[in-house]
Amino acid sequence: MPDTDRTVAPYGTWPSPLSAADLAAASVGYNDLAVDGEDVLWLQSDPTDGGRVAVVRSGADGREVLSPAGFNARTRVGEYGGGALGAGHGVVLACSWEDQRVHRIADGDAVPVTPEPATPAGIRWAGMAVLPGGEAFLAIRETHGPDRPRSNVNVHGAEEAINEIVHVDISSGRTTVLVTGPDFVGGPFVNAAGTRVAWLQWDHPDMPWDAAELWVADMMADDGPALGDAVHVAGGDGSAVADACWDGDRLLFSDDPDGWWNVFAWSDGPVERLQEEAVDSGAPRWVHGIGQITVADGAIHVQTLSDGYAHARRIDGTGSGTALHIDGVGLVGSLATVGKDLAMIAGGPAMPTGVFRVDPTTGTATRLSAEREDAAARIGAVPEHITFPTADDAVAHGLYYPPTSATHVGPDDERPPLVVLTHGGPTSAARTTINGTAQYWTSRGFAVVDVNYRGSIGYGRAYRDALRGNWGIHDVADTIAATRHLVAAGLADPDRLIIEGGSAGGYTTLLALCTTDTFAAGGSLFGVADLRALATDTHKFESRYLDSMVGPWPQDEQVYVDRSPITHVESLATPMIVLQGDEDAVVPPAQAELIVAALRRRGIPHAYILFEGEQHGFRKAANITRSLEARLAFYGRALGFDPADDIDLPEFDPGTRT
């Protein structure tokens, strides 16, 4: 029966109440949750202010911005950052993006605490933990350039940064090294009395989700700050500790010795298992400053990933747990304890992400961050978790969004174009918070599938490790399988298939476009074109990532060549738009320019936009807007339809091919 209340119009041409500018303005970010007494603090980015990040506090006297105007609270530790905020015992600390020094935030001012490095931004900080008394803090220090305390030559023959845990006196800035030697460190986690410190450490070529170890030591006060003998608690040798916290004298942590991140406890004796469930109570440590485990109302609460959803889970002490139901929440990004309640960064498919205080017994949530309008939430396309067969008799997963409009519907004899999203990482996942990009497409008459290819998190270690040695194989195969699954189900037009992704997702996108003829158009956002260049010209954190994803470098150099999109550009015939930040240190602009040169040489229709002042991802509202509108205009040109939006694409190169 026809829908008489909605206008029939071709898919992809529907007018949408969600403009790219609306989506950009709503792209507010929340990070680094911290609690000091009854105060909850966090970092909040504002895309309308150039992506600047402010320190915000919510307490008994209301909500206020603590950092001064113009202060940008971001750290470059590991290039992905995180952990730029520290608070406790009446002290608020934040790293400044401009100089990377730690500043004390008080009375509307930001005063530098850590010494000025020899080279600008040469010393970077994260994970500040204020010690009792408020006179000092522990932190991760990442040292580059001439400030390095020792030579640190990597496998490529270049000097790389040194990562350590240090003690800093706030009044003098005097710094004392406590942990040094490992290639990487995480935490630190300090008990309430300030007498014990735990931390994570791992070494090349492992990533933290491969083999992060948990260590603990006593804080020694005699003769200046120092640590006593360190004790290895867990992790390494086939398992990786995801996060930890103190519960009095008991150290709680998430480890995956049996294939799923579950909760364990340690207190000067054997490790005790508190959870035994086929769910991931933990997440990869891509950034610092994310609390995944805490204790509230006398019970352990942990961030749990399962089938694309991230919930807070209450561990009941019997080996299993119960998901804490909070109306509208489909993503919990960080946890902390405030009084008897939980503080969390959370959101859902129709709930704008924000900071909440939650009663852990009832799930009643009070929003602490400002109420804000998010036009994407009104679209109402709710993702459906799908599982489908893929290569090697395996299965893969994804989140499917149908075309959704309150005013328009597609013709009965037409199937919608499909936008296939490939997430970054690749050790990451599609998530069920508001996906503004998905809502942007669905409201215009596109179907969307966000693919959780093998290697994605939230499905256990075996699924995550399936991509080891298979990056560029399984992710591409699973993306194609998701596309074919939806086409076979009559949910997508086989002649109007689009693929796009950023970073590692851009790599999957590029390789799918260069090695198959499945798609009619594609979009690469700061995608990887040459694996050899990525292996030899990237930052420390990921400089050995490809050893596991592709193969040991340089022994397997030919594998890097074979799996690089740039190797297969002579087979490329699909129109493509390429978007890139000019300050990207993770995937430098040279990667994008390799693909653009190949598109130009082969006469393939394409567009290339280099965004000034952007790093790995776009933070400025104008650039977020332009990137979305440019893709819509480009896909309309490539697929032969006119979007309802009044937009153009001046950067379009029609090429010489039809």
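This note comments on strand pairing and salt bridges in a predicted model.

1. Strands β2 (residues 29-36) and β3 (residues 39-46) run antiparallel and are joined by six bridges. Within this pairing, N31 faces L43 of β3. The two strands form a hairpin with two residues between them, and G37 in the turn adopts a positive phi of about 65 degrees.

2. Strand β3 is also paired with β4 (residues 52-59), again in antiparallel fashion, through seven bridges. Here V40 is opposite S58 of β4. Five residues separate the strands of this hairpin, where G50 has a positive phi near 70 degrees.

3. The structure contains 35 salt bridges. One of them links E164 to R141, with the closest N and O atoms 2.8 Å apart. Because E164 belongs to strand β12 (residues 162-169) and R141 to strand β11 (residues 136-143), the pair ties together parts that are 23 residues apart in sequence. Both E164 and R141 are buried.

4. A salt bridge also connects R544 with D547, the closest N and O atoms being 2.8 Å apart. R544 and D547 are both buried.

5. The side chains of E570 and R602 form a salt bridge at 3.3 Å, N to O. E570 is in the loop between α10 (557-562) and β38 (576-581), while R602 is in the loop between α11 (589-601) and β39 (606-611), so this contact ties together parts that are 32 residues apart in sequence. R602 counts as buried because its relative accessibility is 15%, the cut-off being under 20%.

6. D39, R57, D61 and E64 belong to one network, joined by salt bridges that share partners.

Conventions:
Residues numbered from 1 in each chain as written. Predicted model: local features only at pLDDT ≥ 70, side-chain atom pairs only at ≥ 80, totals over all residues. Heavy atoms only, no water. Pairing = 2+ DSSP bridges. Helix = DSSP H or I, 4+ residues; strand = E, 2+ residues; numbered from the N terminus. Salt bridge = Lys/Arg side-chain N within 4 Å of Asp/Glu carboxyl O. Buried < 20%, exposed > 50% of the residue type's maximum accessible area, 1.4 Å probe, protein only.
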